[in-house]
Structure formats: structure tokens, C-alpha cells
Amino acid sequence: MPRLLQSLTIGIITFGMVGTGTAFAGVDSGITWLGHASFRLERKHTVVYLDPWQIAGEPHDADVVLITHPHFDHLSSSDIGRVAKGGTVLVGPPDCLKGLTGTLHPVKPGDHLQLDGVSVDVVPAYNTTTAYHPKANGWVGYIVDLGGPRIYHAGDTDVIPEMSSFKVDVALLPVGGTYTMTADQAAMAASILDPKLAIPMHYGSVVGSAADAQRFKESCGSIPVTILPRRSR
Ligand SMILES: [Zn+2]
């Protein structure tokens, strides 16, 4: 087979694998749900926490901490202190970083950060019909890429038109209602985002229940949903 044709064929096979999702088999590996909106991501020795809250112990293993907004269940300086180590980069909207010390990285929706081993797209997060999270506050969600799947943490948000432009492989979506999307609205968000995997969050503590996570799973149709067990870390 001529070399060009051979490489073309390999290219098509590779592309086919991506299309069927096998390129990200075990797409949820390295994603740990710590309860509510709190997650730990790990890949190739790089550790990222999102909205660390009610952290057990003092792991001190965070390379990067991403904060979506300053409400108490998302921004906790004591929990950041439990996960931070020397050199941890703290990322968030400016009103989240007041009072924190260390390597601070203020962000706004639309920003892109290239940190050591971590690429981050900063995306908007806001309510469309309530005033808990006004768009004008500049609070955010994140699309995190550690060299594997693009993992979207929605923050506290409703379904917003910007979602149609997000390119994500895994979607961490709030399902608890009141302050964020309900389970049914989150399923609508999943259908817009069309991820390879959706994971419910923002239930089981402040608002929402396991029944909301289950309803989300049942409402997502053909989009795979994993309800992660809550782990202490
Ligand atoms: Zn909030």
C-alpha cells in the first residue's frame, strides 16, 4: 500500500475510534466527586480541585484550585487551605480571591489559561430567571483539559445560550434546582452540550437529593450519565 494511502487509512481508523468514543474509554477516570459542587481531577500527576468544600483531612496535593463564585458552598478558604501546597495556583473571579494568599489568578468569562499541564477555558455561569447568580457578577464555569477529556464544570448556572458553543467531553452539571438548573433543565443542557458523559452535581447537601440525580439520568436519553459516589477525596 502506498505510504500516503496507508497513513490516510490509519487516520480514518483513528478518527473512527474518536467518533465511537473509544478514544476516551473510562472517560470518568481521574474524576472524583467530593460532594455538592466539589471535585478533584487527576491526570499524569497533575491535580486540580474545583470548588473544594468540606474536604476531609489535609491532602495538600492541589496544583491548581478553580473557584466558580464566592458563595459559601463554593468558596471556602479553610478548605482551600486543606488542599493547597506550596505553589498552588488559585483561580477565580476577582471577588473570590479577596482574602486569599498565594499565587492568585483572577479570571473572567472568555479567558483562557495555559498553566503547567492544565489548559482552562473560563466560561460564563449565571441565572436567567432568578437573581442568585446575576450575569453581571462575572461568575464562571470552567472547561478543564489535563491532556485527556475536556471536563466542563458548569458552576451555578441555568441553561444559557453560550452552552451551544462549548466543546466538552464530560459535563459536570448542577441538578438540584432553586439556585441552579433542575434535573430536567440539566438534561436539556446535556442535550445542548452533547458530551460523551454527563455527571450530576450540586445535590445532596445544600439543595437537591439523590432523586434529582436519578431523574437527571433518566431524562438524559442516549447521553451516558454516571452518578458518581461521594468520596472524601
Ligand atoms: Zn451559588
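In what order do the six strands of the open sheet lie? The order is β7-β8-β9-β10-β11-β12, and the pairing is mixed. Strands (E, at least two residues) and helices (H or I, at least four) are DSSP runs, numbered from the N terminus. Two strands pair if DSSP finds at least two bridges between them.

This is a predicted model: local features need pLDDT of at least 70, side-chain atom pairs count only at pLDDT 80 or more, and totals for chains, interfaces and linings use all residues. Residues are numbered from 1 along each chain as its sequence is written.

Strand β11 (residues 170-174) runs parallel to β12, and five bridges join them. Here A171 stands opposite A198 in β12.

Touching rests on contacts: two residues whose C-beta atoms, placed from the backbone, lie within 7 Å. Axes are lines fitted to C-alpha atoms, for helices over the stretch in contact, and angles run from 0 to 180 degrees between N-to-C directions.

Helix α5 (residues 210-219) packs with α4 at about 40°, their axes 8 Å apart. Which residues meet? A183, D184, A186 and A187 in α4 meet D212, R215, F216 and S219 in α5.
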